[in-house]
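Hi everyone, thanks for making time for this one. Let me put the model up on the screen, and then we can walk through it together.

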Amino acid sequence: MSMEITEVKKGEAVHFQNPAKEFYKAVGEEEGMRTLMYNFYDKIYESDIANFFPQDEEEFEAIKVKNTKFFIQICGGPKVYEDEAQGMELNEYMIRIHDDFSITEKSRIEWLGTMREALQELEDVNEKLIEDFWSYLDNFSKLTVNSFSDGSTYYAAYTQAKED
Ligand code: HEM
């Protein structure tokens, strides 16, 4: 599995497709998605971006729950994140949620690298489905980067998100 990371370019249009429902089914629907995302966050705790996340156990648990719900819905499962998004389109809401954090390309790469490890531990999931899910993550995550190496900030507009 390649799971490559492509580079973010400030202000570029980002093309992506929401993940296929087949991926959601193959990981084992709600329960499987929970296992995957909790594994991911266990690794986040050990990563270079642990400092971004709450150290308080209950607060961290709340993030895990919301994150799991988001991924269930974005992968075509039940609309369990709908109420969180406050009426906004899901991807738009997700871009704006990240505005509160200074996210650099380096932290994006760490986030993706951590997710890659969690995905590599999946058993019996077709590689093509994992690559498809990865493509969403690789592309969509570009819209969460808002702090650049020249010291500038740039908050992606939802109009830059091109859902193919
Ligand atoms: C594909 C890209 C990404 C997706 C889909 C995603 C998804 C999410 C979701 C669903 C949440 C929980 C939102 C809620 O409160 O309801 C969240 C929170 C968060 N994400 Fe991301 N994320 C992505 C990339 C990143 C990256 C690259 C970073 C880099 C550090 C990051 C850092 C955070 C932080 C710090 C929080 C909030 C923690 C808090 O509320 O204290 N995310 N993300």
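**The overall picture**

Let me start with contacts: among those in the protein with a separation of 6 or more, 76% are between residues 24 or more positions apart. Two residues are in contact here if their C-beta atoms, placed from the backbone, lie within 7 Å. Please keep in mind that this is a predicted model, where local features need pLDDT of at least 70, side-chain atom pairs count only at pLDDT 80 or more, and totals for chains, interfaces and linings use all residues. Residues are numbered from 1 along each chain as its sequence is written.

What pattern does the protein follow along the sequence? It reads β-α-α-α-α-α-α-β, with six helices and two strands. Those are DSSP runs numbered from the N terminus, with helices being H or I of at least four residues and strands E of at least two. The radius of gyration is 15 Å, close to the 15 Å from the globule rule for 164 residues, so the protein is as compact as a globular protein of that length. That radius is taken over C-alpha atoms, and the rule is 2.2 Å times the number of residues to the power 0.38. The C-alpha trace spans about 45 × 40 × 35 Å along its principal axes. Of the 164 residues, 24% count as buried; that label needs 20 or more other C-beta atoms within 10 Å of the residue's own, 12 or fewer is exposed, and in between is partly exposed, with C-beta atoms placed from the backbone.

Helix α2 (residues 29-45) packs against helix α3 (residues 57-74) at an angle of about 130°, with the axes 9 Å apart. That makes α2 oblique to α3. For reference, angles under 35 degrees count as roughly parallel, over 145 as roughly antiparallel, 65 to 115 as roughly perpendicular and the rest as oblique. Axes are lines fitted to C-alpha atoms, for helices over the stretch in contact, and angles run from 0 to 180 degrees between N-to-C directions. From α2 the contact uses Glu30, Met33, Arg34, Met37, Tyr38 and Tyr41, and from α3 it uses Lys64, Asn67, Thr68, Phe71 and Ile72. By type, that contact has six nonpolar, two polar and three charged residues. Ala, Val, Leu, Ile, Met, Phe, Trp, Tyr, Cys and Pro count as nonpolar, Asp, Glu, Lys and Arg as charged, and the others, Gly among them, as polar.

Tyr45 also sits in α2, and counts as exposed with 12 C-beta neighbours inside 10 Å. Its C-alpha is 8.9 Å from that of Gln55, ten residues away in sequence.

On to the other pair: the axes of α5 (residues 105-120) and α6 (residues 127-140) come within 11 Å and cross at roughly 165°. That makes α5 roughly antiparallel to α6. Leu112, Met115 and Leu119 of α5 meet Ile130, Trp134, Leu137 and Asp138 of α6.

Finally, two backbone details. In the loop between α5 and α6 we find Asp124, whose phi is positive, about 60°, although it is not a glycine. Is Asp124 buried or exposed? Exposed, with 7 C-beta neighbours inside 10 Å. Met3, in the segment before β1 (14-16), also has a positive phi, near 40°. With 19 C-beta neighbours inside 10 Å, Met3 counts as partly exposed.
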